[in-house]
Amino acid sequence: FQTWRPGECTGRFAFKVDYLKATSPEDESRYELSRRLCLPYQDFHVIARHCREVGIPFLSTPDGFQSLKFLVEEVGLPLIKVSSTELTHLPYLEAIGATNLPVLLSTGLGTLGEVETAIAALGRRGRPQVFLLHCTSAYPAPLGEMNLRAMVTMGRAFGLPVGLSDHSQGLEAAVAAVTLGAVVIEKHFTLDKDQAGPDHRASLDPSEFSTLVRAVRNTELLLGDGIKRPTATEQKNLTGIRRGVVAARAIPRGSVLTAEMLTCKRPGVGLPPSLLGDVVGLKVNRDLAEDEPLRWEDLR
């Protein structure tokens with residue numbers, strides 16, 4: 001969720017960016033829109049209690065010093081999500097860092113230098129664990145402007161875990177981010193994408209969100225541990241799929257093997273193809289039928 005007091009983040013001189021102009025009444029100011037969408041503080045006690053009852057961690061993004069104090073001291077948060085709005089709001093970042101709660105830092109609109117400065121501010125009065133969320137601050141965000149490799153750049157630059165605050169439509173960006181190392185995915189959620197309001201078009205409904213979770217979990221399985229070796233299932237198939245050294249024709253016992261007597265075919269139960277040249281010149285100690293695999297015990 002998001003928590004703010006009317007006027008705490010959005011002042012009376014604030015103006016609407018394009019996506020807000022398209023999704024809110026024309027005669028409603030940015031300040032009035034923020035005031036209308038604001039949930040009162042008491043609602044968050046109800047929401048947090050329900051989250052505990054159903055086993056979902058409660059999380060809300062504070063939009064100012066008052067809301068931060070309320071959420072941390074009165075409601076209780078397992079971690080603090082910092083919106084991209086606050087990336088350059090250094091006194092506020094210092095106050096967040098002082099809580100020593102883990103921090104999800106959204107970096108929309110930011111440069112690498114601004115992210116570095118924000119990380120320093122978070123650590124000025126505390127030592128919070130910081131997760132950097134790459135973000136494109138547009139609703140919905142164009143796919144061509146997602147720049148997911150910037151997430152990788154931040155991880156390498158600062159040595160911190162990374163994730164994606166995803167405002168694009170669909171599931172592709174979130175799943176692709178997981179393949180690039182994201183350990184956190186944020187996606188907006190709505191019960192009805194056709195509702196009036198600024199965020200619904202860039203959100204997922206319950207069915208889509210369920211599909212996203214399955215896709216992310218399956219992607220994690222697909223990525224594996226990165227070690228190149230046969231899997232347990234492959235081990236069972238190995239000899240049936242690979243080639244081995246076999247008799248190219250029937251070979252009588254006592255014959256001295258020549259290259260023309262041998263070839264490589266399935267199954268791979270005998271000598272591997274890499275040893276084909278090593279057995280030329282050896283004698284076979286039993287009769288071999290055409291295509292019969294050759295083993296060490298058949299040679300002398």
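**Close-up 1. Helix α8 and the glycine that follows.** Just after α8, G181 takes a positive phi of about 110 degrees. Helices here are DSSP runs of H or I with at least four residues, strands are E runs of at least two, and both are numbered from the N terminus. The model is predicted: local features need pLDDT of at least 70, side-chain atom pairs count only at pLDDT 80 or more, and totals for chains, interfaces and linings use all residues. Residues are numbered from 1 along each chain as its sequence is written, and side-chain values use heavy atoms, leaving out hydrogens and water. Helix α8 spans residues 172-179, with A173, A174, A177 and V178 buried. Buried means under 20% relative accessible area, exposed over 50%, and partly exposed in between (1.4 Å probe, protein chains only). The buried residues of α8 pack against α7 (149-158), β6 (162-166), β7 (184-187) and α9 (206-223). Contact means heavy atoms within 4.5 Å.

**Close-up 2. The parallel sheet.** Five strands make an open sheet, ordered β3-β4-β5-β6-β7, with parallel pairing. β3 and β7 stand at the edges with a single partner strand each, so one side of each has no neighbour in the sheet. Neighbouring strands of this sheet are turned by 20 degrees against each other on average, direction ignored. Two strands pair if DSSP finds at least two bridges between them. Four bridges join β4 to β5 (residues 130-135), and these two strands run parallel. V103 stands opposite V130 in β5. Helix α7 lies across β5 and β6, running at about 155 degrees to β5. Axes are lines fitted to C-alpha atoms, for helices over the stretch in contact; angles run from 0 to 180 degrees between N-to-C directions.

**Close-up 3. Helix α5 and its packing.** Helix α5 covers residues 90-98. Its buried residues are Y92, L93, A95, I96 and G97. They pack against β2 (61-62), α4 (65-75), β3 (80-82), β4 (103-106) and α6 (112-122). N100 follows α5 and has a positive phi, near 60 degrees.

Close-up 4. D63 sits in the loop between β2 and α4. This residue is buried yet has no salt bridge. A salt bridge is a side-chain nitrogen of Lys or Arg within 4 Å of a carboxyl oxygen of Asp or Glu. The nearest side chain of opposite charge, R30, is 7.4 Å away. Lys and Arg count as positive, Asp and Glu as negative; His and the chain ends are not counted. Leaving aside neighbours within four places in sequence, D63 contacts Q2, T3, W4, E8, C9, S83, E86 and Y92.

Close-up 5. K69 and E73 meet through their side chains, 2.9 Å from N to O. Both lie in helix α4, four residues apart, about one turn of the helix. E73 is exposed, at 56% relative accessible area.

Close-up 6. The whole structure holds eleven salt bridges. In one of them, R286 joins E292, with the closest N and O atoms 2.8 Å apart. R286 is partly exposed at 27% relative accessible area, and E292 is partly exposed at 22%. The side chains of D298 and R286 also meet in a salt bridge, 2.7 Å from N to O. D298 and R286 lie in the segment after β9 (262-265), twelve residues apart. D298 counts as buried, at 4% relative accessibility. Salt bridges that share partners join R286, E292 and D298 into one network.
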